[in-house]
Amino acid sequence: MTELSNVDEQRRADWLALYERMLLIRRAEERVGKVAQAGGMPGGVHLYIGQEASGVGVCSVLEDSDYITSTHRGHGHFLAKGGDIAAMFAELWGKRTGICKGMGGSMHVADVSKGILGANGIVGGGIAIAAGAALGIKTGKEDKVSVCLFGDGAANQGVLMESLNMSAVWKLPVIWVLENNGLSEFTITDKVTAGEQIDRARAVGMPAVSVDGNDVIAVQEAMQEAVDRARAGEGPSFIETKTYRIRGHLEAEDAFLGGYSYRTQEEIDAWKAPDKDPILRFATRLLAEGGASQADLDEIEERIAQQVDAAEKFAEESEDADPELIYDITFDGQRP
Amino acid sequence: MAKQRYIQAINQVFLDEMERDENIILFGEDVELAIFGDTREVYKTFGPERVYNTPICENSLTGMAVGAAAAGRRVILHLMFGNFVYTGMDAIAHQMAKLRMMTGGQMDLPITVICGYGGGRSLAGQHSDTPFPVLMNIGGGNVVTPATPADAKGLLTTAIRGNNPTFFLEASGRGGDSGEVPEGEYLVPFGKAAVHKEGDDVTICAIGTMVRPALRVANKLEDEGISAEVIDPRTLVPLDEDGIAASVRKTGRLVIVDESKDRCSAASHIAAVMADKCFDKLKAPIKRVTVPNVSMPYANVAEMAIFPTPDKIHAAVKSIAGEMEVSNA
């Protein structure tokens, strides 16, 4: 291997960290999907596989003290923002050691100490919360930003237009990240959407940019610009990350579809190809321009395999959630 | 003590509490001009950094209250009319009421939502609702229904300083009512009913706007030889079940007066709980004086036909009076 300059060394480390975070999400969710399909955990799961570059690129420029709101497809955002994989698995398994003590589950993973205000089971549920967090930051005169991660399905909720408007009129420190995977649950978004969704941000005079959501570096660069603008008091920005959901809306989707489908296998396969898949693409780039070796990538793969195994073991072996807790935590200092 | 109007008592709490704690922010539609009078001078005193006069978009406002609280602020959201609880309901039911539990207790949500409720003023169906039932049923919010200026002060202060989402339901028609209000620091705890008038023959449990007509009826009944006790739950969530039950066990008769629609009303709930707790002491069926399961009409004569008026309260008591008139004769 050739000698790297200090600048190159820094980039190599940064890029490997991005790669590792994306791969952690991929492998974690592959395991979750496998266990869910086998009936090994309660509830349904919605996987982020194929969209990892978006969440990782976005969260790579955030501090723990910054806020994100997420979606029903929130495992990737949770891990990208620094959430603990074992605590997430335990949550999905319905255990008292879960990040939400087993009371939220897959669609509601949250770690407030890391600024993760929660995945959300209501499509668009995080939108006004993110605007509110930004209002809280502004009124508290804090040096933080709030980031709303939402999908193209959620972008058709009226609450988006309302919250975009207020964030613009009050110059709130919020970054709107539309992760456009083209799918609204089981419906092609284009079939139910007029115009370009990004134009809804332009309508309120907000800087808006569309990037390749499967290119982690492109997402990171757009995000850095938006965060800088927010921290400088210049108000909100809107980023559309164009991506694709490889897995179904939820893992048991075949049972619902009854032999029908809303997309073709060819389309799915095209997005899984090495030139499209965000992780395979970035691996190629890491080897070509990032100063990384195959041995580096193998080492990461091995480390993550151990993490995922350990997280599953922790979840499996943890005690079930405590039903009594419901009455203690619904209110602060008060029984329901 | 000093005489204050109900709406002035609320206004004074906003001014006092926002002065005391600079972490409190207030927002809502038309709060700058204070169309109800309760936010008067608040914008002028604390300025645009803490008071936001918002666009008309309740569904975002309720969600924003959650976000601002999660980000560490203490939030007062003015929703204007009780009906706008419905327009803002998505985030109320799905986020505000649930996130503390669903995050395993990670998130305190110190939010006070204030709005005026009730009919009787020809505002028609979309501005006359009493949304107790839906709010009592969301699982993670307190429901506060002060009837007097003193309770308005004490309960609002408790709501604002508390760490739980609380719906402070302003008795709209009572904005002009005045009463003695304790000066200085005054907090009324949630879940403690107040007995406005003691009596032995029948308990009239009256909620919010219904306390005043209930007291009028109770005084009239006194002249007729019936001793009525008037008890006011003051908060519906939490509900002082033991306090109300103590009164019912004493009198053996219960009439509940509630401005919400009868089906699943606060009155229905209280009736069920009291039937359970006081069955052995009840001398007559529990009666509810509520609004029928229809929308509030516009025309005054039509509105009054379905409104819980003193005559209806009186008739309800008389319908179960039976032996008490004999025993008091």
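Here are some worked exercises on a two-chain predicted model.

Residues are numbered from 1 along each chain as its sequence is written, while chains are lettered from A and ligands numbered from 1 in the order in which they are written. Because the model is predicted, local features need pLDDT of at least 70 and side-chain atom pairs count only at pLDDT 80 or more, though totals for chains, interfaces and linings use all residues.

**Exercise 1. The side of chain A that touches chain B**

Find which element of chain A gives the most residues to the side that touches chain B.

Step 1. Start with the contact itself, which takes 37 residues from chain A and 37 residues from chain B. Two residues are in contact if their C-beta atoms, placed from the backbone, lie within 7 Å.

Step 2. Look for elements of chain A that give two or more residues to this side: they are α5 (125-139), α6 (158-169) and α13 (325-329). Helices (H or I, at least four residues) and strands (E, at least two) are DSSP runs, numbered from the N terminus.

Step 3. The answer is α5(A), with twelve residues.

Step 4. Sort the chain A side by class: 21 residues are nonpolar, 13 polar and three charged. Here Ala, Val, Leu, Ile, Met, Phe, Trp, Tyr, Cys and Pro count as nonpolar, Asp, Glu, Lys and Arg as charged, and the others, Gly among them, as polar.

**Exercise 2. Two partners of α5(A)**

Work out how α5(A) is oriented to α6(A) and to α3(B).

Step 1. The axes of α5(A) and α6(A) come within 9 Å and cross at roughly 15°. Axes are lines fitted to C-alpha atoms, for helices over the stretch in contact, and angles run from 0 to 180 degrees between N-to-C directions.

Step 2. That crossing angle makes α5(A) roughly parallel to α6(A). Angles under 35 degrees count as roughly parallel, over 145 as roughly antiparallel, 65 to 115 as roughly perpendicular and the rest as oblique.

Step 3. Now take α3 (residues 58-70) of chain B: its axis and that of α5(A) come within 6 Å and cross at roughly 50°. Therefore α5(A) is oblique to α3(B).

Step 4. Check the classes: the contact of α5(A) with α3(B) has twelve nonpolar, five polar and no charged residues.

**Exercise 3. Phe84(B)**

Decide whether Phe84(B) is buried or exposed.

Step 1. Locate Phe84(B) in helix α4 (residues 84-87) of chain B.

Step 2. Phe84(B) is buried, because 25 other C-beta atoms lie within 10 Å. A residue is buried if 20 or more other C-beta atoms lie within 10 Å of its own, exposed if 12 or fewer, and partly exposed in between, with C-beta atoms placed from the backbone.

Step 3. Leaving out residues up to four places away in sequence, Phe84(B) touches Glu58(B), Leu79(B) and Cys115(B).

**Exercise 4. Backbone exceptions**

Find where a cis peptide bond and positive phi values occur.

Step 1. Recall the background: most residues other than glycine have a negative phi, and most peptide bonds are trans.

Step 2. The cis bond joins Val237(B) and Pro238(B), with omega about -5°. Pro238(B) sits in the loop between β12 (235-237) and α10 (241-251) of chain B.

Step 3. Glu185(A), not a glycine, has a positive phi of about 55°; the residue lies in the loop between β4 (183-184) and β5 (187-188) of chain A.

Step 4. Ala124(B) has a phi near 70°, and lies between β5 (111-117) and α7 (132-136) of chain B.
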